[in-house]
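Please look through the structure below slowly, from the whole chain down to single residues, as the paragraphs that follow take that order.

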Amino acid sequence: MSEKLKEFIEIPQEFIHDGQQFLNRCTKPSQKEFVQISKAVAVGFAVMGFLGYFVKLIHIPINNILVGGA
């Protein structure tokens with residue numbers, strides 16, 4: 001019973017220790033890195049948006065042909 005209790009207490013302590021190590025290693029990005037990441041995210045959003053738009057644009061006529069149009 002005491003081994004299970006010991007293990008039950010040990011797991012959160014390891015988690016907290018690992019979390020503190022991770023936070024200590026993290027660094028704040030420079031302004032150049034932040035701008036670069038922001039541009040990459042914006043391009044990704046734009047590409048996915050246009051891709052979704054074109055898929056929907058193609059899907060609507062095909063769906064109307066298959067369903068028979070209402």
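**Surface and overall form**

The accessible surface of the protein comes to about 7200 Å², and carbon and sulfur atoms account for 69% of that area (areas come from the Shrake-Rupley method with a 1.4 Å probe, and for residues only the protein chains shown count as cover). This is a predicted model, in which local features need pLDDT of at least 70 and side-chain atom pairs count only at pLDDT 80 or more, while totals for chains, interfaces and linings use all residues. Residues are numbered from 1 along each chain as its sequence is written, and side-chain values use heavy atoms, with hydrogens and water left out.

The radius of gyration of the protein is 26 Å, whereas a compact globule of 70 residues would have one near 11 Å (taken over C-alpha atoms, the globule rule being 2.2 Å times the number of residues to the power 0.38). Along its principal axes, the C-alpha trace spans about 70 × 45 × 10 Å.

**The two helices**

The protein has two helices and zero strands (DSSP runs, numbered from the N terminus: H or I of at least four residues for helices, E of at least two for strands). Helix α1, residues 2-25, reaches 35 Å from its first C-alpha to its last, close to the 34 Å expected (1.5 Å times one less than the number of residues). Of its 24 residues the number buried is zero, so α1 lies largely in the open (buried means under 20% relative accessible area, exposed over 50%, partly exposed in between, with a 1.4 Å probe and protein chains only). K4 is placed in helix α1, and K4 counts as exposed because its relative accessibility is 66%.
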